[in-house]
Amino acid sequence: MLALAAPPAALANWFSPEDDSGSPNATKIKTLYLITFILGMIIFFAVEGLLIYSLVKFRHRRRGGTTPAQIRGNTPLEVGWTLGAAGLLVILAVVTFIFLGGIKNPAASNSNGFVAEGKQDGMKFADDGSRGGGKLQFAAKDQAAPPGPANKHLEIRVNGQQYLWRFDYPGSQQVFSYHDLIVPTGTTVVLDITASDVAHSWWIPDLGGKADAIPGHTNHTWFRIDKPGSYWGNCAEFCGENHADMTARVTAVTPDQYRAWLTKQAADIKQSQALLSLARKTRGAGATP
Ligand SMILES: [Cu+2]
């Protein structure tokens, strides 16, 4: 009972994965989990119920009562539950493979999603090695590109580093952010995940499964948020003494707000770089960097 009280504190639901964002992969993970869970519960209650019923009904009575029939082996029953269990495994395997494609492969953006202006080859990250028939590194999942034109989805680079996440956004200007990832709603967001020091793991429970962030390799995952809101997660791979502080927040805003945020963030970055350069110059040559 105490263990059951713990899941909410671990950012999970009571007995199923979260999917509050409406991201198709998160929803499919939850549905697959529930199908498996319900099948398991049916078997659990059938077996335990029969066991408890038999224990009570055929218990030894001190006075009177006849000794119940003593049965040693029953071939039809034994064959039956062996085939039944095998059949159940086949059903679970088939259902899993039906859902797996939709969890792994990105869905298309919604019609009201973000459309980058004139986004073509120039806006793709140059060293993304695993997409479009390029080289495939062993830690990378061979994930299909989202359906639809290239300007209809967003490819964001995620870098795990002790102890924060950095996000690099595609576009003609340099835009990056730390800890907070801003994305447009209704748009398929593909993450190219890597790390620059030790192994980390990207995980926002509401947006789907985990993806390892491994130095020297790029892993991919994706999500599509249909509901504006903020979704929290933690680094899911112990990465050092401040691992617990390595949180991330994904905030979904409307495509218009996203466009406005991109412009402002680019301007803020430019301004802070200019101020830094000015500060260095006014400190004069020979000052500590
Ligand atoms: Cu970490």
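Two strands pair if DSSP finds at least two bridges between them. With that in hand, welcome to this predicted model.

## The chain as a whole

The protein chain holds 4 helices and 10 strands. Read along the sequence, they follow the pattern α-α-α-β-β-β-β-β-β-β-β-β-β-α. Of the 289 residues, 24% count as buried. Among the contacts in the chain with a separation of 6 or more, 72% are between residues 24 or more positions apart.

## An open sheet and its helix

Let us begin with a sheet. Strands S4, S10 and S9 form an open sheet of 3 strands in the order S4-S10-S9, and the pairing is mixed. Strand S4 (180-184) and strand S9 (229-234) stand at the edges with a single partner strand each, so one side of each has no neighbour in the sheet. From one strand to the next, the twist averages 20°. Helix H4 (residues 255-283) packs on this sheet, where it touches S4 and S10, and its direction makes about 130° with that of S4.

Within the sheet, S9 and strand S10 (residues 247-253) run antiparallel and are joined by 6 bridges. Asn 234 stands opposite Thr 247 in S10.

How many of the 29 residues of H4 are buried? The count is 2, and the helix is hardly covered.

## Strand S1 and its partners

Of its 9 residues, 7 are buried, so S1 is largely enclosed by the rest of the structure. S1 pairs with S5 in the parallel sense over 8 bridges, and with S2 in the antiparallel sense over 5 bridges.

S2 continues the story on its other pairing. Strand S2 (residues 164-169) and strand S3 (residues 175-178) run antiparallel, joined by 4 bridges.

| Strands | Sense | Bridges |
|---|---|---|
| S1 and S5 | parallel | 8 bridges |
| S9 and S10 | antiparallel | 6 bridges |
| S1 and S2 | antiparallel | 5 bridges |
| S2 and S3 | antiparallel | 4 bridges |

A hairpin joins S1 to S2 through 2 residues.

His 179 has a positive phi of about 65°, although it is not a glycine. Is His 179 buried or exposed? With 12 other C-beta atoms within 10 Å, His 179 is exposed.

In soluble globular proteins, nonpolar side chains tend to be buried together. In this model, the largest nonpolar core has 34 residues, and those with the most contacts inside it are Ile 156, Val 158, Val 183, Val 189, Leu 191, Trp 202 and Val 250. Strand S5 (residues 188-195) supplies the largest share of this core, 5 residues.

Which residues does Ile 156 touch, leaving aside those up to four places away in sequence? They are Phe 167, Asp 168, Tyr 169, Val 189 and Leu 191.

## The helices

Helix H2 (residues 24-57) and helix H3 (residues 75-104) pack at an angle of about 170°, with their axes 9 Å apart. That makes H2 roughly antiparallel to H3. The residues making the contact include Ile 29, Leu 32 and Ile 35 of H2, and Leu 88, Leu 92 and Phe 99 of H3.

H2 has 34 residues and reaches 48 Å from its first C-alpha to its last, close to the 50 Å expected at 1.5 Å a residue. Its buried residues are Pro 24, Asn 25, Ala 26, Lys 28 and Ile 29, and what covers them includes H3 and strand S8 (219-224).

H4 reaches 42 Å over its 29 residues, first C-alpha to last, close to the 42 Å expected at 1.5 Å a residue.

Terms used. Residues numbered from 1 in each chain as written. Predicted model: local features only at pLDDT ≥ 70, side-chain atom pairs only at ≥ 80, totals over all residues. Axes fitted to C-alpha atoms, helices over the stretch in contact; angles between N-to-C directions. Contact = placed C-beta atoms within 7 Å. Core = buried A, V, L, I, M, F, W, Y, C linked by C-beta atoms within 7 Å. Buried ≥ 20, exposed ≤ 12 C-beta atoms within 10 Å, placed from the backbone. Expected span 1.5 Å × (residues − 1). Parallel < 35°, antiparallel > 145°, perpendicular 65-115°, else oblique.
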